[in-house]
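Student: I am new to this structure. Please show it to me, and then I will ask how you know what you say.

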Amino acid sequence: MKKQEKIDILQRGIDEKQMCRCYFSYDDNYCYYYPNRVNDRFFLGQEEDDFLLDGYCIRKLSQLKKVELREDKCGEINRLLGVTDQIADPGIDISSWQSIFQDLMERDYYIILEDENNGQLEIGRITKVLKDRIYFLSFDADGVWAEANEEFIIRYGQITTVRWETRYVERWRQYLEGELTVGN
């Protein structure tokens with residue numbers, strides 16, 4: 001699929017609040033998104049999962065193999081349930097990785113970074129944004145933050161996906177910030 005075709009379909013999804021079925025070069029499965037923004041390098045969307053929106057996601061347009069509008073009963077049900085009323089552009093500047101990460105860092109989001117080509121995933125916070133990389137502080141599966149001197153460098157070329165405000169990320173944020181306690 002040509003780049004302009006992908007942009008046109010995603011833009012139509014934005015304009016008409018329609019769900020898009022997206023196929024990526026690194027995954028045999030597809031994902032559903034309500035797109036919020038698109039340019040010639042990236043698209044930003046809200047992932048749809050079983051009649052719920054699950055946070056925001058930015059992916060590279062170059063890794064989007066195919067996109068199509070999903071025009072079926074699921075879209076109608078989402079409208080009836082008010083899911084499409086929850087579609088909201090978060091105002092992240094998607095002109096470059098640097099602008100994306102600068103905005104996310106300034107808003108102090110917990111994020112998930114993925115390299116789906118190599119099966120890697122990190123969850124945590126951005127601590128510094130540079131022209132070609134970020135410094136990232138992560139926590140492990142027990143909710144233990146790495147030491148400040150253990151932050152690591154992630155080059156933009158390694159990133160396929162960045163997510164924030166997903167149910168998964170938000171539950172971790174609530175737990176780590178003491179808003180949620182796991183009882184005895």
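Tutor: Start with a definition. Buried means under 20% relative accessible area, exposed over 50%, and partly exposed in between (1.4 Å probe, protein chains only). This is a predicted model: local features need pLDDT of at least 70, side-chain atom pairs count only at pLDDT 80 or more, and totals for chains, interfaces and linings use all residues. Residues are numbered from 1 along each chain as its sequence is written, and side-chain values use heavy atoms, leaving out hydrogens and water.

Student: Which residues of helix α2 are buried?

Tutor: In α2 (residues 73–81), they are C74, G75 and N78. Helices are DSSP runs of H or I, at least four residues; strands are runs of E, at least two; both are numbered from the N terminus.

Student: What puts them on the same side of α2?

Tutor: Their arc around the axis is only 100°, so they share a side of α2. The arc is that of the directions from the helix axis to the C-beta atoms. On the other side, K73 and L80 are exposed.

Student: What covers the buried residues of α2?

Tutor: The cover includes β2 and β3. Contact here means heavy atoms within 4.5 Å.

Student: Why is Q46 called buried?

Tutor: Its relative accessible area is 5%. The cut-off is under 20%. Therefore Q46 counts as buried. Q46 is found in strand β3.

Student: What makes the pairing of the Q46 and N36 side chains a polar contact?

Tutor: The distance is 3.1 Å. A polar contact is a pair of N or O atoms within 3.5 Å; within protein, one must be able to donate a hydrogen and the other to accept it, and residues adjacent in sequence count only if both atoms are side-chain atoms. The side chain of Q46 also reaches the backbone nitrogen of A88, at 2.9 Å.

Student: Why is I100 called buried?

Tutor: Its relative accessible area is 0%, so I100 falls under the 20% limit. I100 lies in helix α3 (residues 97–106). Beyond its neighbours within four places in sequence, I100 is in contact with F42, I58, I92, D93 and I94.
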